[in-house]
Amino acid sequence: MLAILLSLGLFTYWLGLGYALVTLAMPRRRALPGLLLAPGLGLSATVCLLYLINRAGVPIGHFGVALAIALALFAAVVYAVKRPLLGLRQYLPFACVFVLAALATGAPLLRYQFDWVSYCNDDMANYCLAAARFLERGLDEVPDVDEVLAGQSYADFYWHMYGYSGHRPAPDHVLAWVSCLTRLAPPRAFMPLILSMHLVLISGAGAMLLSGCRRRYVALLGCGLTAASALSTLGVVYQLIGQVGGIALLCACVAVFYRAVGRYPTRWTIRHALLAGLLLSGLMLWYPEATPILGLGFFLHVGFALWRRRLPARRTLILVATSGGLALLLLNRYLLFFGSFLLRQAGGAVKNDPGLAELFPFYLLPSGLANLWGFQPIILMSGEPWLSLSIAAGAVLLLLTPVLAFRAARRGSPVAAVTLVLCVLAAVLCVQRASFGLYKIAMYSQPFLFGTLLVALGSRRRWRLVTSAVALVLAAANVPAVKLYVQMSGGRSIVAEIPDASHSRIATRIPKLLRKNPSQHVVLDSCNVVLIKLFTLFAKGLNVYIPSQDAFESIRECAPVGYSPGKWEPVADALCQRYDARTPFASFDMHDPANPTLRNRFLVNKIGAPDGVPAGEVLLFRSLSEQSLFNRWHTRQEQGTGFDLVPLASVRNHLVFVHSKKGSYYYHADEPSKISFTQLEKDPLFGLGTMSALGRHFLFEVLNPTPRVRLVIELSTTLKNDGENQLPPAVCIGTERVPLPLSGCGGARIISPPLTPQLIHGRPYVAIDMGVEGSRCEDRRSGLAALWGQGLHADRRYLVAFGRDISAISEKEYAQLKPPSILSTFPADLVGRDLEYSGLYEDGWVARTAYAWLTQPSGPCEVVVRGEVPQLDGKPFSGNEVEVLVDGSLVTRRKLSLGTFDIRCPVEARPGRRRVELHFLKCQNLPAPDKRPFAAHLLKIGFERAAAGIAAR
């Protein structure tokens, strides 16, 4: 409950501060417009002061509490002196909307409290690290490069983003301020803060609508629809704090700027302009991308007023000059950064990039029409006919919107003017096929699209019931998507960057582990970018080594666009030279007989490396089976914790995935076809655990390897759905290239022959080459969803197989394997880690070939194969044969007919591990949509003791 109260408390604080400013600057006519505008004003005032003081070199941790108290005292003095109108009766319905919105969107806060970290977006991790830096550093303070190279202060990389490159600092400043006030680490304060931003957005939408139509019920419905908007909710739970706060300030700016064309008394014009300048400054610091929308909409609004001959030219000029002058005074040098940042963001938004189209295809597909209005979520959409009906409804609304917006803007509606601008921008981006730009425009547009519909309908007095009914229908249509987005924010979905992070209390557990296991040196085995960043935040001051990649490369390579950074350029160049010296490139020899010169290039990250430190003084932050696809052979028994912190000397043959040119972590992949593995997802075949889609190439550093290692690889092609389901011809690579014993179709758990790792820069590496490139998953569309966009794939994976485990074991561990004697229950008997098999589908079907290593008991035994050949779709499947082999020697050959078969054959008494192999003469495919090739359905395979009287052969 405290976390929800923090969100409501921050909103109330900005409401009180902002209304004090409204009281000083606006005439005392009506309280409600000022109350709705107030949270945005209070936020802008906080943003500007934090920026000015931190830019002066004062860390936010040194003045955050004093600033909060000073602003609260300022507001109290204004209320005591001015005694403003409160209008609580009019405001009460809006307050109810804010509370309901906080409870609906912030429901996980009630369950997880401050440990709710939602989808763990990489942006959130960047905001948190930058906030941690601002707590202790001034904005321009140059980092201590020795601390950074020792792995003690990864947050200082963010000087390149903010001090040098001029990235917008306001969200990070406010997060640092809230962290300072509450003594919560930034990851724990993040979700309560962004939820409060959501409430500011809802209030700003109401203020914007009230400034144009002056009908309270329209403003109330607009607040309700913004609160119920699926895409607005997605912005919150997907942790897009820049966007959520930026659109909130944009709405407040529209409410203030576009009212300048009204006829205020002259003595209030300058005060009004100062409020507008404060909001404009806050918007430029928080979300510069929204300022072109504000400017274009303002000039369009002014143009319509001039056309109607209702433009107060002098007051409009005063507004523009005064607000612009205040922004120049407050921001000064930041305006250079502002222009640079705007150029960089605009370039990315309008770019027709196939890679971005793979990531953000949503609004290049027909289903985007339904996504835009919240009728369908952007993932896990419903089936037909509902999908087509929602696409048709979205198309009708989208066609009506520009017409309604033009008519309302011509009458002077501020929200309609902005909607027209958004429609034009969307049309340009659609022509450019700029997928990311369209995605952002859709997210920006929610309060404006809904507001335009309400203004257009609410302009007629007799349509009050119709307007309310339309709003209720739209809100109800958004509810399923909102519920899905909020439900997935608990972390148990494929979109979560850190699996189940809230449930595992990651924001509390990591610092507890560090306190419980004190050590100066920590090795981090994860290749998960977000987990890496959050861990380094909590481990500040410790030497943290990240062998998988340079997770901060994109941060430290940030540079201004469009102007010379002056004195900071040689400083940044010198820092980068030292970073580069600690992150050299190396090459792994692929030992490819077809191309002897083939190498896999990768970066050797030596920042924070514990070179020369005794192994007993180094800890390993180890990702367990719930968090990682790798090393599950060792960690599968560790349930419910996600990760642990153990002495590095206590682990052997521990694999760390290394980002390389041929195979990369999915988040940093240059091309989708080079992705080695994707996020963990539920494993529907075993009914428990998780799996990951695998690409072709994998490179690993082996921590504490034995002289000879074996790779354990568990994978499946059962769900590949290409009609072949063939296991790949994979090889593992160390100092030589060794084929892996994969054969058949479906599932496999195989163990490689022993190999010796390659030593590169003194570190041991092994690799896996699956032998084939990944293929696209089939993208099935029907109805209106198939009208266009057939060349786009909503699923960006290039799939070779689904992986359940990749581990390394020693020769001793391999010799200790004790596989079962018989497999008779599928898939339960395939789960045990001692079983080595290939070519068995998890549900017992088998294609042309399969084998399993099983234990033959002592005494007389029979090899048993029991199964059935079913009749499918009336097609005969006769004339098949099966060969049963044990350790490569033919035991029996039998002809098979339709129905069940039971093969029993005596084998020589040789107890121990033996390979039982099946070869079928032919196979056919299961009916669509399954399409797997099959020869028979197995019920039992293995060894049984021979019945009395039967001698062993």
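Arg214 is partly exposed, with a relative accessible area of 48%. Partly exposed lies between buried (under 20% relative accessible area) and exposed (over 50%), with a 1.4 Å probe and protein chains only. The model is predicted: local features need pLDDT of at least 70, side-chain atom pairs count only at pLDDT 80 or more, and totals for chains, interfaces and linings use all residues. Residues are numbered from 1 along each chain as its sequence is written, and side-chain values use heavy atoms, without hydrogens and water.

Arg214 sits in the loop between α10 (186–213) and α11 (216–228). Helices (H or I, at least four residues) and strands (E, at least two) are DSSP runs, numbered from the N terminus.

Strand β18 (residues 763–769) is largely enclosed by the rest of the structure, because seven of its seven residues are buried. One side carries Arg763, Tyr765, Ala767 and Asp769; the other carries Pro764, Val766 and Ile768.

Strands pair if DSSP finds at least two bridges between them. β18 pairs antiparallel with β12 (residues 697–703) over five bridges, and His697 stands opposite Asp769. β14 (residues 731–733) also pairs antiparallel with β18, over three bridges. There, Cys732 faces Ile768. Three bridges join β17 (residues 758–760) to β18, again antiparallel. Leu759 has Pro764 as its bridge partner. β17 and β18 form a hairpin with two residues between them. In the turn, His761 has a positive phi of about 55 degrees.
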